[in-house]
Amino acid sequence: MIITVSNQKGGVGKSTVATNLASCFAGDAKDVLLVDADDQGSSLDWKAERPDELPPIQAIGLPVDNLHKEIASLAKRYEVVIIDGGGRITQTARAAVVAADFVVVPTLPSRPDIVSTEDFFEKVIDVARTFKDLQAVVLLNQVQGGTVMSRRSQAYMQATQPTFATALHQYVAYREAFALGQSVIEYDAASKAASEMLSLYRELLEKL
């Protein structure tokens, strides 16, 4: 199973979502490979800080020239491959989507981010669907709970694109856990962030 986390808009939390999902699968005793296809290398930085006593996750960086060619063979060696896709509509982003069985598309609950996400579906997701059967689902991220903008954004996305019922909120725990190479569940299992991440993981498993 290859899951790509990607969107053309920067700053939507792709690396946070990718690393947390990789940790969830690893916690379920799956053999997980985390592929950092982003030039910033945030997921590799996260892996470098990951404590040895936590469920193991293998992580590699793949340049664009090798991404599409290498992923197929890697998928035969691992139960789950999570690709942290780069921002912007680049050859890397397109390759990460084409390689995937499922695409998680994080977006912030703002009008510019939603417009950018719709453009990503049109220029990347829909094009990839001409080659393969591909499921792509929007994930609202860094939501500020209770705001009118967040409610309207979620309602709009659910009406226009497949969207996770679970939304991730703007909790400090996400940044703190990331800095320590952990998921929010590993960092503080009793936190609200851990609860919603577990909800997202369960919803993803249902869709898979």
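Two strands are said to pair if DSSP finds at least two bridges between them. In this predicted model, pairing of that kind gives an open sheet of six strands in the order β3-β2-β4-β1-β5-β6, with parallel pairing. At the edges stand β3 and β6, each with a single partner strand, so one side of each is left without a neighbour in the sheet. On average, neighbouring strands of the sheet are turned by 20° against each other, direction ignored.

Strand β3 (residues 58-61) pairs with β2 in the parallel sense, over four bridges. Within this pairing, V35 has I60 of β3 as its bridge partner. Between the two strands the chain passes through helix α2 (residues 42-49), and this β-α-β crossover from β2 to β3 is right-handed. Elsewhere, helix α9 lies across β1, β5 and β6, and runs at about 165° to β6.

The discussion now turns to the nonpolar interior. In soluble globular proteins, nonpolar side chains tend to be buried together. Here the largest nonpolar core has 31 residues, and I3, F25, V32, I82, V104, F164 and M197 are those with the most contacts inside it. At least two residues of this core come from each of the strands β1 (2-5), β2 (32-36), β4 (80-84), β5 (102-107) and β6 (135-140), and likewise from each of the helices α1 (14-27), α7 (172-179) and α9 (192-207). Helix α1 gives the most to this core, with seven residues. A second, separate core comprises 28 residues, among them V35, L62, V81 and A96. Leaving aside residues up to four places away in sequence, I3 touches F25, V80, V81, I82, I83, F102, V104, L204 and L208.

Charged side chains supply another kind of contact. Side chains of opposite charge can pair when their charged atoms come close. The structure holds four salt bridges. One of them joins the side chains of K30 and E79, at 4.0 Å from N to O. K30 lies in the loop between α1 and β2, and E79 in the loop between α3 (64-75) and β4, so the pair ties together parts that are 49 residues apart in sequence. With 36% relative accessibility, K30 counts as partly exposed, and E79 counts as partly exposed at 43%.

Another salt bridge links K123 with D119, whose closest N and O atoms are 3.5 Å apart. Both residues lie in helix α5 (residues 111-128), four residues apart, about one turn of the helix. K123 counts as partly exposed at 41% relative accessibility. D119, at 22%, also counts as partly exposed, because that class begins where buried, under 20%, ends.

A further salt bridge is formed by D126 and R129, with the closest N and O atoms 3.4 Å apart. D126 has 36% relative accessibility and counts as partly exposed; R129, at 33%, counts as partly exposed as well.

Methods: Residues are numbered from 1 along each chain as its sequence is written. This is a predicted model: local features need pLDDT of at least 70, side-chain atom pairs count only at pLDDT 80 or more; totals for chains, interfaces and linings use all residues. Side-chain values use heavy atoms; hydrogens and water are left out. A nonpolar core is a set of buried Ala, Val, Leu, Ile, Met, Phe, Trp, Tyr and Cys residues joined through side-chain atoms within 4.5 Å. Buried means under 20% relative accessible area, exposed over 50%, partly exposed in between (1.4 Å probe, protein chains only). Contact means heavy atoms within 4.5 Å. A crossover is right-handed if, with the strands pointing away from the viewer, the path from the first strand over the helix to the second runs clockwise. Axes are lines fitted to C-alpha atoms, for helices over the stretch in contact, and angles run from 0 to 180 degrees between N-to-C directions.
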